[in-house]
Amino acid sequence: MSSNTHQRRLEANREWKRRNAEKMREYNKARAALIATTPELLERKLQQNRESAKRHYEERSEYDKARNRAKTNARALIRNRIKRGTLLRGCCEVCGVPNAHAHHDDYSQPTVIRWLCPKHHKEAHANDNK
Ligand SMILES: [Zn+2]
Ligand SMILES: [Zn+2]
């Protein structure tokens with residue numbers, strides 16, 4: 001195959017894509033116009049939107065649940081260690097106040113903690129909500 005043939009094929013491919021993109025745009029425009037003027041189609045489209053929003057919400061809440069579980073587990077692990085005496089409360093890493101809280105930057109790593117006094121602990125959480 002000569003490089004010329006190759007070149008022609010590439011061009012044909014590009015041309016095909018360009019035509020198709022135009023066709024798709026026109027098709028979508030026509031479809032949107034049809035939906036907007038046909039109550040049943042409009043209702044179906046709204047219904048689809050509602051369903052996808054609901055699905056999205058459910059997926060989201062599954063994710064939140066998993067995250068909350070990880071959070072509860074991570075906190076329980078630290079609490080148990082402190083109770084058993086295998087972990088001693090540290091001082092706030094910012095201001096040095098003793099008996100600080102154990103703070104998790106990442107609940108999926110329950111053993112990775114930072115010690116923070118109530119004030120700096122609050123600040124750390126204010127930051128991660130941003
Ligand atoms: Zn924390
Ligand atoms: Zn502090």
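What share of the contacts in the protein with a separation of 6 or more is accounted for by residues 24 or more positions apart? The share is 30%, where two residues are in contact if their C-beta atoms, placed from the backbone, lie within 7 Å. This is a predicted model, in which local features need pLDDT of at least 70 and side-chain atom pairs count only at pLDDT 80 or more, while totals for chains, interfaces and linings use all residues. Residues are numbered from 1 along each chain as its sequence is written, and chains are lettered from A and ligands numbered from 1 in the order in which they are written.

**Overall architecture**

- The protein contains 3 helices and 2 strands; helices (H or I, at least four residues) and strands (E, at least two) are DSSP runs, numbered from the N terminus.
- Along the sequence these elements follow the pattern α-α-β-β-α.
- The protein is more spread out than a compact globule, because its radius of gyration is 29 Å, well over the 14 Å that the globule rule gives for 130 residues. The radius is taken over C-alpha atoms, and the rule is 2.2 Å times the number of residues to the power 0.38.
- The C-alpha trace spans about 75 × 55 × 25 Å along its principal axes.
- Of the 130 residues, 5% count as buried. A residue is buried if 20 or more other C-beta atoms lie within 10 Å of its own, exposed if 12 or fewer, and partly exposed in between, with C-beta atoms placed from the backbone.

- Helix α1 covers residues 3-37 and includes asparagine 13, which is exposed, with 10 other C-beta atoms within 10 Å.
- Asparagine 13 and lysine 122 are 109 residues apart along the chain, and their C-alpha atoms are separated by 58 Å.
- Helix α2 (residues 39-84) has 46 residues that should span 68 Å at 1.5 Å a residue, and its end C-alpha atoms are 66 Å apart, which agrees. The expected span of a helix is 1.5 Å times one less than its number of residues.
- Helix α2 lies largely in the open, because the number of its 46 residues that are buried is 1.
- Glutamine 47 lies in helix α2 and is exposed, with 10 other C-beta atoms within 10 Å.
- From glutamine 47 to glycine 85 the C-alpha distance is 57 Å, at a sequence separation of 38 residues.

- Asparagine 99 lies in the loop between α2 and β1 (101-103).
- Although it is not a glycine, asparagine 99 has a positive phi of about 55°.
- Asparagine 99 counts as exposed, with 12 C-beta neighbours inside 10 Å.

- The largest nonpolar core has 6 residues: Cys92, Ala100, Ala102, Ile113, Trp115 and Leu116. Such a core is a set of buried Ala, Val, Leu, Ile, Met, Phe, Trp, Tyr and Cys residues joined through C-beta atoms within 7 Å.
- Leaving out residues up to four places away in sequence, tryptophan 115 touches Gly90, Cys91, Cys92, Glu93, Ala100 and Ala102.
- Arginine 114 belongs to strand β2 (residues 114-116) and counts as partly exposed, with 17 C-beta neighbours inside 10 Å.
- Beyond its neighbours within four places in sequence, arginine 114 is in contact with Glu93, His103 and Asp105.
- Arginine 114 and alanine 70 are 44 residues apart along the chain, with their C-alpha atoms separated by 17 Å.
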